[in-house]
Amino acid sequence: DSGGIMSVLNVAFYGSDETASNIAKKGDSRDVVSYVFKETKDEKVRILSLLRPLKHPESIRPLLSVLNVSRVGFVEVKQIDASLGEVLVAMKCSEIQDGIAVINPDSGEWVDPDQVRVLFKQANLNWKILEDVPEAHQIREELFSLGQSEDESDELVVPLDQKFNVQGIGVVGIGYVQSGKIKKHDQIEIMPGRKPGVVRSLQVMDDDVNEASSGDRVGVALRGVGEDDIGKGTMIVTKDSEALVEMSSTVSKLKEAPFQRRRVVIGDIIHASTNMQFKVGRVIAIQGSMISIEWESPLVVRKDGYEVVILVQLDAVPMRIIGTITETDSA
């Protein structure tokens with residue numbers, strides 16, 4: 001254990017591998033590539049974790065997964081196109097209020113900075129827009145300073161996005177600590193389903209640790225939990241926690257996304273992205289701005305309404321994001 005205080009800032013990064021690699025060191029890669037920069041300053045360890053979704057615009061899910069766990073955004077503008085518009089809307093709907101945009105067209109190409117400013121304004125994103133690419137250390141400082149706000153709930157919620165079985169250790173779930181702290185030997189529950197278990201050990205950045213906190217990417221070895229009990233979109237909470245609720249059908253207020261011209265109608269198939277879940281549902285009623293959705297498997301949401309639930313229609317190209325739902329109740 002480093003002994004010092006460690007804080008991690010996850011950044012939703014939309015741009016080239018080259019730019020990301022310049023700012024931080026490239027790490028593991030699945031449908032999301034992570035780049036990590038770590039430094040120690042006055043006994044404190046600061047970590048910048050850039051999360052870069054792959055396969056956009058072909059696939060929207062990696063982008064949404066990144067937005068589920070990031071607090072700050074970074075967009076490298078190579079050209080102005082529909083997929084950039086969708087990314088900005090996704091950032092806005094995910095409430096990534098703070099971010100940096102860098103205009104960096106490929107050599108021989110040109111991007112109109114005024115057009116970029118207009119696009120950000122239309123997406124209601126009040127970010128810093130830079131016409132020259134700053135030095136890597138300047139970008140890092142800027143991102144760290146944007147990530148200062150700490151106003152999170154202290155209830156433990158760890159959405160998982162991967163799992164495997166390790167010989168001699170058992171089932172390990174991997175995810176980001178969204179809020180609260182998780183400690184070795186904690187009694188926990190897996191949602192949906194409230195299956196009980198115990199934290200056997202924890203790993204952060206390949207080191208064994210006694211606890212992990214908000215922002216950390218953590219590997220949690222679990223005792224008493226079967227491999228089928230966890231997977232992408234399941235969540236670890238403290239035993240008897242009331243932080244999360246499971247809902248088979250919901251009634252919520254729909255806030256429409258910027259640029260979205262399509263109107264949702266009864267019978268539409270819709271996906272919800274939150275906490276690493278990607279749930280499919282059907283719209284069963286619409287009344288004014290209230291929308292009722294029946295979910296194929298229960299949607300797990302925070303009781304305190306702290307997180308964002310993004311609604312997506314996969315066939316609504318080029319703009320798949322319908323909007324967000326808030327004030328969600330069980331229908």
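Strands S5 (residues 72-77) and S6 (residues 99-103) run parallel and are joined by five bridges. Within that pairing, Phe74 has Ile100 of S6 as its bridge partner. The model is a predicted one.

Now widen the view to the whole sheet. It is open and has seven strands, in the order S2-S3-S4-S1-S5-S6-S7. The pairing is mixed. Strands S2 (25-29) and S7 (128-130) stand at the edges. Each has a single partner strand, so one side of each lacks a neighbour in the sheet. From one strand to the next, the twist averages 25°.

Helix H5 (residues 136-146) lies across S1, S3, S4, S5, S6 and S7. H5 runs at about 100° to S4.

How many of the ten residues of S4 are buried? Nine are, so the strand is largely enclosed by the rest of the structure. On one side, S4 pairs with S1. These two strands run parallel, and seven bridges join them. Ala12 stands opposite Leu51 of S4. The pairing of S4 with S3 is antiparallel and spans ten bridges. Here Lys41 has Lys44 in S4 as its bridge partner. Two residues lie between the strands of this hairpin, and Asp42 takes a positive phi near 45°. Strands of a sheet pair through backbone hydrogen bonds, either parallel or antiparallel. S4 shows both senses: parallel with S1, antiparallel with S3.

Next comes helix H4 (residues 113-122). Which residues of H4 are buried? They are Pro113, Val116, Leu119 and Phe120. Seen down the axis of H4, these fall within an arc of 120°, so they line one face of the helix. Asp114 and Lys121, on the other side of H4, are exposed. The cover over the buried residues includes S5, helix H3 (82-93), S6 and S7.

The ends of H4 have their own details. After H4 comes Asn124, with a positive phi near 60°.

Finally, turn to the aromatic rings. A pair of aromatic rings is described by the distance of the centres and the angle of the planes. A search of the whole structure finds two aromatic pairs. Phe13 and Phe74 form a stacked pair, with 4.8 Å centre to centre and 5° between the planes. Phe13 belongs to strand S1 and Phe74 to strand S5, so the pair ties together parts that are 61 residues apart in sequence. Both Phe13 and Phe74 are buried. Phe120 and Trp127 form a pair that is tilted, with 5.7 Å between centres and 50° between the planes. Phe120 and Trp127 are buried too.

Phe120, of the tilted pair, is one of the buried residues of H4.

Note on methods:
Residues numbered from 1 in each chain as written. Predicted model: local features only at pLDDT ≥ 70, side-chain atom pairs only at ≥ 80, totals over all residues. Heavy atoms only, no water. Pairing = 2+ DSSP bridges. Helix = DSSP H or I, 4+ residues; strand = E, 2+ residues; numbered from the N terminus. Axes fitted to C-alpha atoms, helices over the stretch in contact; angles between N-to-C directions. Contact = heavy atoms within 4.5 Å. Buried < 20%, exposed > 50% of the residue type's maximum accessible area, 1.4 Å probe, protein only. Arc of directions from axis to C-beta. Phe/Tyr/Trp six-rings, centres within 6.5 Å; stacked < 30°, edge-to-face > 60°.
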